[in-house]
Amino acid sequence: MASFEPCRAKMEAEGIAQSAISAFESTFNSLVSGNTGMIPESTITPVPELVHTDSITAKPNAGLLAETVVLKLNGGLGTGMGLDKAKSLLEVKNGDTFLDLTAKQVMCMRKDFGENVKFMLMNSFSTSDDTMEFFRTKYPSLAAEEGLEMLQNKVPKLDATTYEPAACESDPSNEWCPPGHGDLYAALIGSGRLAALLKSGYKYMFVSNSDNLGATLDLKILTHFADTNASFMMECCERTENDKREVILPSVTVTST
C-alpha cells in the first residue's frame with residue numbers, strides 16, 4: 001500500500017498544523033485502501049422527525065450573542081461562474097456581492113440587539129487576498145477587528161497512479177488544494193483559534209457558506225441550542241421540487257464487529 005510519509009514530509013515542510021496532517025492522513029489511508037466512502041442503503045433509514053422552529057417555545061435570549069461567533073466558510077473560488085476570485089465576490093443585487101450582504105447582516109444584527117456579535121471568515125489560500133482587500137476597502141471597521149480571518153489548511157494534490165505528492169515546477173502553488181469545509185475543525189484547533197475563542201468566553205458558533213444568504217443567525221434557534229446543551233445542531237429546510245439533487249438526512253445504523 002502507498003505510504004503517507006512523502007505527504008507528511010511535504011506538509012511539515014510547509015508548516016501545516018499536525019491536526020490537519022492527521023486529518024489528511026486518515027483520508028489518504030481510506031483512498032489507498034480502496035474505501036469508496038459509499039454508505040450502503042441497507043444501513044440507513046430516513047430521520048423519523050425533526051424539531052420545527054414553530055414548536056420552539058424558548059424565549060429568545062439576546063445575552064447569548066455575546067458568547068456567539070458567526071463564521072462564514074469562504075474558501076471557494078467562482079471558477080465555475082467565470083471568476084478567478086472568491087465566489088462570494090460575485091455581485092448579487094444592486095452592486096452588492098455576497099460579502100457585502102453578509103457584512104450588512106452582521107452590522108444590522110449588532111445594531112438591533114445591541115451586542116457586538118463576533119464575525120469570522122474561514123478563507124483559503126486562494127481567496128484570502130481578494131477577500132481581505134475587499135473588507136479593507138469597503139468595511140474597514142470589520143477588517144480591523146481582531147481575528148476576522150482564519151485560513152483553512154491546504155493539502156497536497158496526489159499523482160493518481162502513485163499516490164505521491166504531485167509536482168508542478170512551473171507553478172508550485174498548483175501542487176496544493178484546499179481540503180474543503182470539513183477542514184473547519186482541524187483549522188480551528190491547528191490555528192489556535194479555538195483555544196483563543198474559548199479563553200475569550202465564546203461558547204457557540206454559527207457556521208454557514210458565504211454564498212448562502214438565507215443562512216442567518218436565528219436567536220430563537222440559538223436559545224434552543226443553548227437550552228438543550230446540544231454539541232451540534234443543523235438547521236434544515238423543507239425540500240421542494242427544485243431540491244431533488246440535494247443531500248438527504250439519513251439515520252445510520254452502526255454495527256459493532
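Modeller: We will take a helix pair, then some salt bridges. Keep in mind that this is a predicted model.

Biologist: At what angle do the axes of helix α1 and helix α2 cross?

Modeller: Angles over 145 degrees count as roughly antiparallel. Here the axes of α1 (residues 5-13) and α2 (residues 18-32) cross at roughly 155°. Therefore α1 and α2 are roughly antiparallel to each other. They come within 10 Å, and their crossing is right-handed.

Biologist: Which residues make the contact?

Modeller: From α1, Cys7, Arg8, Met11 and Glu12 take part. From α2 come Gln18, Ala20, Ile21, Phe24, Glu25 and Phe28. These contact residues divide into 6 nonpolar, 1 polar and 3 charged.

Biologist: Now salt bridges. How many are there?

Modeller: Side chains of opposite charge can pair when their charged atoms come close. The count here comes to 9 salt bridges. Take Glu14 and Lys154: their closest N and O atoms are 2.8 Å apart. Glu14 sits in the loop between α1 and α2, and Lys154 in the loop between β6 and β7, so the pair ties together parts 140 residues apart in sequence.

Biologist: What is the N to O distance between Glu145 and Arg110?

Modeller: That salt bridge spans 2.6 Å, N to O. Glu145 lies in the loop between α5 and β6, and Arg110 in helix α3, 35 residues apart.

Note on methods. Residues numbered from 1 in each chain as written. Predicted model: local features only at pLDDT ≥ 70, side-chain atom pairs only at ≥ 80, totals over all residues. Heavy atoms only, no water. Axes fitted to C-alpha atoms, helices over the stretch in contact; angles between N-to-C directions. Helix = DSSP H or I, 4+ residues; strand = E, 2+ residues; numbered from the N terminus. Parallel < 35°, antiparallel > 145°, perpendicular 65-115°, else oblique. Left-handed = near helix turned anticlockwise from the far one by under 90°. Contact = heavy atoms within 4.5 Å. Nonpolar A, V, L, I, M, F, W, Y, C, P; charged D, E, K, R; others polar. Salt bridge = Lys/Arg side-chain N within 4 Å of Asp/Glu carboxyl O.
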